[in-house]
Amino acid sequence: MSTTIQQTLVLLKPDALQRDLLGEIVSRFERKGMKIVAMKCIRLDERMLEEHYAHLSDKPFFGTLKQFMMQTPVVGMVLEGYEAVAEVRKLVGSTNPREADAGTIRADLSMNVPSNLIHASDSLETAQVEIKRFFKDDELFDYEKITDRYHFGEGI
Ligand code: DAT
Ligand code: MG
């Protein structure tokens, strides 16, 4: 089976910051073995959110969602690893935390939308667009982790 190294975008939402869960969430990705290739605080504005959540612009909760996302800065991260897009979504869990599988970030640590702690890109195409939306090329770092050497051949 062939696997590919991918990058994906994560945003730690204002509820993660307010509830002091930034470290807990980052730690889950570190323990999983994902590589953090970018990380910074971002103050989202209306324009960025209208682009980022364009697929929800006709929903009745769109205004509330934007207000929620602007309450505090968010923490943006780019994570890298084998099949990173799907792997990160798996660790994050379903949109509604009460329907998410136990063991996921949303199920373990949250109760409701929109305060489900974290955004993660939902496909490789989306990830590429979202990384560019929030990070400049020179904010992404290429480096070797010792664990990179544990993968041989195809890296299954
Ligand atoms: P996801 O974040 O799992 O990719 P999404 O892209 O469908 O889910 O929605 C983006 C965010 O919008 C979601 O994380 C929380 C919020 N949201 C979605 N459905 C909602 C609803 N019915 N009421 C309030 N907020 C909602
Ligand atoms: Mg989404």
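By about how many helical turns are Glu24 and Arg28 separated in helix 2? About one, because they sit four residues apart in that helix. This is a predicted model, where local features need pLDDT of at least 70, side-chain atom pairs count only at pLDDT 80 or more, and totals for chains, interfaces and linings use all residues. Residues are numbered from 1 along each chain as its sequence is written, and side-chain values use heavy atoms, with hydrogens and water left out.

Back to our pair: Glu24 and Arg28 join in a salt bridge at 2.8 Å, N to O (a side-chain nitrogen of Lys or Arg within 4 Å of a carboxyl oxygen of Asp or Glu). Glu24 is partly exposed at 31% relative accessible area, while Arg28 is buried at 17% (buried is under 20%, exposed over 50%, partly exposed in between, with a 1.4 Å probe and protein chains only). Shared partners link Glu24, Arg28 and Asp108 into one salt-bridge network.

Arg28 also turns up where helix 2 (residues 22–32) meets helix 5 (residues 84–92). Arg28, Phe29 and Lys32 of helix 2 touch Glu87, Val88, Leu91 and Val92 of helix 5, with heavy atoms within 4.5 Å counting as contact.

Key
Chains are lettered from A and ligands numbered from 1 in the order in which they are written. Axes are lines fitted to C-alpha atoms, for helices over the stretch in contact, and angles run from 0 to 180 degrees between N-to-C directions. Helices (H or I, at least four residues) and strands (E, at least two) are DSSP runs, numbered from the N terminus.
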